[in-house]
Amino acid sequence: MFSESLKDFSKRNLLRTIKDKTSPQGREIIINGKELINFSSNDYLGLASNEEIKDSVKIAINKYGFGAGASRLLSGGCILHNTLEKNIASFKDGESGLLFNSGYAVNVGAIPALTSSDDAIFSDELNHASIIDGCRLSKAKKFVYKHNDIDELASFLKSVEAKTKIVITESVFSMDGDIIDLNDINMLCNQYKALLYIDDAHATGVIGGGKGSLKHFQLSANEHIIQMGTFSKALGSVGGFIVATKTIIDYLINTSRSLIYSTALSVADVAASIASLDYIERHPELIEKLKKNVNKCRELLIKEGFSIERGISPIIPVKFKSVDDTIKVSDHLFRNGIYAPSIRPPTVKIPRIRITITASHTKDDIELLVSNLKEAVLLKVSGSYPI
Ligand SMILES: *Cc1c(COP(=O)(O)O)cnc(C)c1O
């Protein structure tokens with residue numbers, strides 16, 4: 001049965017395989033012995049192999065070892081875990097912070113912990129799989145609204161009766177790179193006394209001078225806003241976090257299963273995140289460089305006739321009509337030294353090459369990417385033009 005399914009995936013060009021690097025994460029990576037310019041990492045600021053951060057990790061490991069040895073509720077945490085929680089809370093302008101092992105663990109742990117059968121969750125249809133899984137684990141009633149459709153959200157909030165209402169949305173959407181209008185959603189939440197749970201995975205380190213979506217929209221943290229995020233994207237490390245009121249954090253410590261029943265993050269991960277947060281506060285020019293690169297790539301693609309939105313997020317989807325076309329184009333890019341694999345269903349409905357720009361890319365890298373994308377289309381490597 002499993003092998004039948006695998007054959008079927010393969011026939012439909014939907015078979016996923018894992019390609020591992022023989023190099024560090026960065027602007028240039030090596031896969032199967034081939035050097036490639038990397039347009040497929042979420043390491044937006046190029047910090048995953050940063051020398052200064054590596055040195056901080058080495059010092060921390062020498063002092064505290066590497067294995068956590070237990071859950072945070074037993075003896076798994078050390079003073080570094082506590083420091084990172086304080087630092088991330090202050091970075092996000094909130095009261096208290098809590099670490100989880102990943103962003104995924106935050107969403108599958110916090111969402112069911114915060115909601116019960118008397119409550120209602122309102123979730124954007126394009127929310128990340130970890131949010132969907134968190135909602136599935138929750139006993140609350142669920143209402144999925146059309147992507148960023150404020151009117152539909154408003155009508156749900158108005159008509160649904162529930163003890164607690166909670167709106168859950170990404171700020172920068174992970175596969176389309178668009179940014180929600182947080183002001184409108186926040187206003188609605190205030191009007192209907194709903195909690196607002198914001199997934200800032202791709203906003204942290206990127207928008208709002210790196211501080212994320214609240215800062216970008218000039219909103220302040222308050223007792224109705226729950227911010228989640230991850231150290232695994234722009235911060236180049238690993239680990240998820242929640243920033244909220246102390247009451248909510250204490251409640252999660254007592255109820256969130258992915259926190260309670262899992263060994264704490266390793267010292268290396270925590271030390272890297274502490275150093276990385278500190279690094280971006282001292283190097284605002286990195287975020288400026290990222291912005292410049294994003295703008296350059298979007299403008300060039302638009303100039304070449306691709307239907308790309310102007311925007312500030314480093315996630316740029318080039319969509320195709322069919323999975324076959326997407327694969328042909330990403331193969332063409334691979335042959336020409338560019339790594340930008342295709343993203344296919346069921347991850348997304350419309351197949352695409354999801355370009356991610358980082359601060360480490362050069363002008364030449366971006367020009368090479370765009371000229372190769374154009375070439376792929378002109379050579380009719382794909383059967384259809386990008387949509
Ligand atoms: C990547 C991602 C997560 C999960 O974060 P990890 O730390 O990688 O587990 C959660 N939400 C969104 C929107 C993401 O893109």
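Predicted model: local features only at pLDDT ≥ 70, side-chain atom pairs only at ≥ 80, totals over all residues.
**Cavity**

Rolling a probe the size of a water molecule over the atoms shows where empty space is left. The structure has one cavity of 30 Å³ or more. The volume of the largest cavity is about 70 Å³. Its lining is made up of R72, H81, L99, F100, N101, S258, L259, S262, T263, A264 and L265. Two elements, strand 3 (96-100) and helix 10 (257-260), each give two or more residues to that lining. By class, the lining of the largest cavity has five nonpolar, five polar and one charged residues.

**Helix 13 and helix 14**

Helix 13 spans residues 323-335, and helix 14 spans residues 363-378. Their axes come within 10 Å and cross at roughly 130 degrees. Angles over 145 degrees would count as roughly antiparallel, and 65 to 115 as roughly perpendicular, so helix 13 is oblique to helix 14. The crossing of the two helices is right-handed.

From helix 13, the residues in contact are V329, H332 and L333. They meet L369, N372, L373, E375 and A376 of helix 14. By class, this contact has five nonpolar, two polar and one charged residues.

**Class make-up of the two sites**

| Site | Nonpolar | Polar | Charged |
|---|---|---|---|
| Lining of the largest cavity | five nonpolar residues | five polar residues | one charged residue |
| Contact of helix 13 with helix 14 | five nonpolar residues | two polar residues | one charged residue |

Conventions
Residues numbered from 1 in each chain as written. Heavy atoms only, no water. 1 Å grid on protein atoms, 1.4 Å probe; cavity = no way out; pocket = protein on both sides within 12 Å on 5 of 7 lines; lining within 4 Å. Points joined across faces, edges and corners; volume = space filled by probe spheres on them. Helix = DSSP H or I, 4+ residues; strand = E, 2+ residues; numbered from the N terminus. Nonpolar A, V, L, I, M, F, W, Y, C, P; charged D, E, K, R; others polar. Axes fitted to C-alpha atoms, helices over the stretch in contact; angles between N-to-C directions. Parallel < 35°, antiparallel > 145°, perpendicular 65-115°, else oblique. Left-handed = near helix turned anticlockwise from the far one by under 90°. Contact = heavy atoms within 4.5 Å.
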